[in-house]
Amino acid sequence: MPKAIWNDEIIAESDDTVILEGNTYFPRASVREDVLRPSDTHTVCLWKGKASYYSLESAGHISEDAVWYYPDPKPDAAAVKDRVAFWKDVKVEA
């Protein structure tokens, strides 16, 4: 089962993931709420739309903007609606 690991902790785990552009998108509901912190960061992908971010925080460790998602993806990216992906120091294992 795919899982996202950060700071030696499993922060997301699901067998219902979507792979898009080499990134694994987990259902938002599969992510541990206790490690997520809202971020004001946004970026834009021409075909997916506007991305929003979360930072991670746990046991005194912080990873800024390590989680991204598309709150209102464009039609061609509808598969990532209500899903998040990870980068930076988050390891995704299949």
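Which residues are linked with Arg32 in a network of salt bridges?

**Entry 1. The network**

I opened the predicted model with this question in mind. I found that Arg32 is linked with Glu9 and Asp34 in a network of salt bridges. I looked up each contact in turn. The side chain of Arg32 meets that of Glu9 with an N to O distance of 3.0 Å. For the contact between Asp34 and Arg32, I noted 2.8 Å from N to O.

**Entry 2. The salt bridges of the whole structure**

I asked next how many salt bridges a search of the whole structure finds. The search returns eight. One of them joins Glu13 to Lys3, and I recorded 3.8 Å between the closest N and O atoms. This pair links distant parts of the chain: Lys3 lies in strand β1 (residues 3–6) and Glu13 in strand β2 (residues 9–13), ten residues apart.

**Entry 3**

In which order do the three strands of the open sheet stand? I read the order as β2-β1-β9, with antiparallel pairing. Strands β2 and β9 (91–93) are at the edges; each has a single partner strand, so one side of each is left without a neighbour in the sheet. On average, neighbouring strands of this sheet are turned by 30° against each other, direction ignored.

I then examined how β1 meets β9. The two strands run antiparallel and are joined by three bridges. Within this part of the sheet, I noted that Ala4 stands opposite Val92 in β9. As background, I kept in mind that strands of a sheet pair through backbone hydrogen bonds, either parallel or antiparallel.

**Entry 4. Summary**

I close with two points. Glu9, Arg32 and Asp34 form a linked network of salt bridges. The open sheet has the order β2-β1-β9, with β2 and β9 at its edges.

Technical notes
Residues are numbered from 1 along each chain as its sequence is written. This is a predicted model: local features need pLDDT of at least 70, side-chain atom pairs count only at pLDDT 80 or more; totals for chains, interfaces and linings use all residues. Side-chain values use heavy atoms; hydrogens and water are left out. A salt bridge is a side-chain nitrogen of Lys or Arg within 4 Å of a carboxyl oxygen of Asp or Glu. Helices (H or I, at least four residues) and strands (E, at least two) are DSSP runs, numbered from the N terminus. Two strands pair if DSSP finds at least two bridges between them. Axes are lines fitted to C-alpha atoms, for helices over the stretch in contact, and angles run from 0 to 180 degrees between N-to-C directions.
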